[in-house]
Amino acid sequence: MHISSLSLSNFRNYSSEKIEFSQHTNLIYGDNAQGKTNILEAVCIFSQGRSHRAKTDRELIRFGEEFAKLSLDFHDNERDYNAAIRLVKNGKKNIKVNHVQITKLSMLMNYLNVVMFSPEDLELVKGSPSARRRFIDSSVSQLYPRYLTSLIDYHKALGQKNSLLKTLKYKGARSDVMLSVWNEQLAVEGSRIMEYRRDFVTLLDEFASKIQSEISGEQLKITYSSGIKTDETDKSSIFKYLERNQRREIELASAQVGIQRDDIDVSVNGKTARVYCSQGQQRTAALSMKIAQADYIQRIKGEYPVLLLDDIMSELDINRRSYLAEKIRDKQVLITSTDTDLIESTPDTKLIYVKNGTVTEQ
Ligand SMILES: Nc1ncnc2c1ncn2[C@@H]1O[C@H](COP(=O)(O)OP(=O)(O)OP(=O)(O)O)[C@@H](O)[C@H]1O
Ligand SMILES: [Mg+2]
């Protein structure tokens, strides 16, 4: 899978630019605050259906402008695609894939696969469970639209259940028929979600442990730790488990158990990475998990994703930098950096210089 050209109008600090990419390494360089990450962000929107950092579409529109337009040409083994997005400040966005209109940005998710590496990846190891759930969800949703639908339905039902729990506590109730209705729905979607998550984590562990051992000789172990503590994970066992927790959930006026509490345990040489590992070991674990995410996409989809490396080279020591360079040698990758010396260039490397929202290709 690869991307060939990106056009931006009124996107972030770009007024009007078209950038052509090489199928190998693209080194996007320039000083701070010139628009390097903005390019990766634009590509990311085409894959994830949303920006990895903006809270609202409005932020993406160039200051003082009413709308932004983005267009991307990309290709997989089977066909060529063009996707186009028009964002309007006070109106509805418009999205097209091969000239056919689609209704939601999230529907873009299953066409283009990318994996973004950034210094924040450290959160995968150090951060809260929600960072790890986001990682699982974005990895799996990219490949399985059904998973995303289940996840959306699950969270809708969970929201309803939580409001009901508040009124039940207020009324001093001990159980409720409607509560069981929501639990039923949470059990159906929850068991489906768990199955996808477990399969993902199994492969992630297989790939990431191999990578970590190649980089540092350490033993990385990743295991799925569910918010549903039952031996069986079919929907009726999950339903019974949710029902057993009714009384406590009413007392506390919020849902206490369920897959919204899922996490993954990351350990290095048998010790919990979050607690015992050095910063360097944590970074290696996070890097291994991200490379493993790309391997997972390749395994399931049969195509390697486009890699976006945002400013991570300066964070890696020479050993890890050369490991990564070897891994990405024949892949399409967009790397941002302020310092071109950190990246080994080959005759195939394309240099893209960015200054104040203007791109010069060399
Ligand atoms: N909506 C917007 N309209 C105009 N300019 C914007 C908008 N949003 C962000 N910018 C500008 O884009 C620039 C930041 O771009 P970007 O994050 O791509 O920088 P960068 O080159 O990656 O820098 P660094 O090396 O520091 O990471 C900033 O100057 C910021 O003010
Ligand atoms: Mg940046």
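Biologist: What is the strand order in the open sheet of 6 strands with antiparallel pairing?

Modeller: In that sheet the order is β2-β1-β4-β5-β6-β7. Strands (E, at least two residues) and helices (H or I, at least four) are DSSP runs, numbered from the N terminus. This is a predicted model: local features need pLDDT of at least 70, side-chain atom pairs count only at pLDDT 80 or more, and totals for chains, interfaces and linings use all residues, while side-chain values use heavy atoms, without hydrogens and water. Residues are numbered from 1 along each chain as its sequence is written, chains are lettered from A and ligands numbered from 1 in the order in which they are written.

Biologist: What makes β2 and β7 edge strands?

Modeller: β2 (14–20) and β7 (100–102) each have a single partner strand, so one side of each is left without a neighbour in the sheet.

Biologist: How do you know that β4 and β5 pair?

Modeller: Pairing takes at least two DSSP bridges between two strands. Strand β4 (residues 67–75) and strand β5 (residues 80–88) are joined by 9 bridges, so they count as paired, and they run antiparallel. In this pair, Phe-67 sits opposite Val-88.

Biologist: What makes you say that helix α1 packs on the sheet?

Modeller: Contact means heavy atoms within 4.5 Å, and helix α1 (residues 36–48) touches β1 (2–11), β2, β4 and β5. Its direction makes about 110 degrees with that of β1. Such angles run from 0 to 180 degrees between N-to-C directions, with axes fitted to C-alpha atoms, for helices over the stretch in contact.

Biologist: Which strands make up the open sheet with mixed pairing?

Modeller: That one also has 6 strands, in the order β8-β12-β13-β3-β14-β15. Here β8 (114–117) and β15 (358–361) are at the edges. Strand β14 (residues 350–355) has 4 bridges to β15, so these two pass the pairing test as well.
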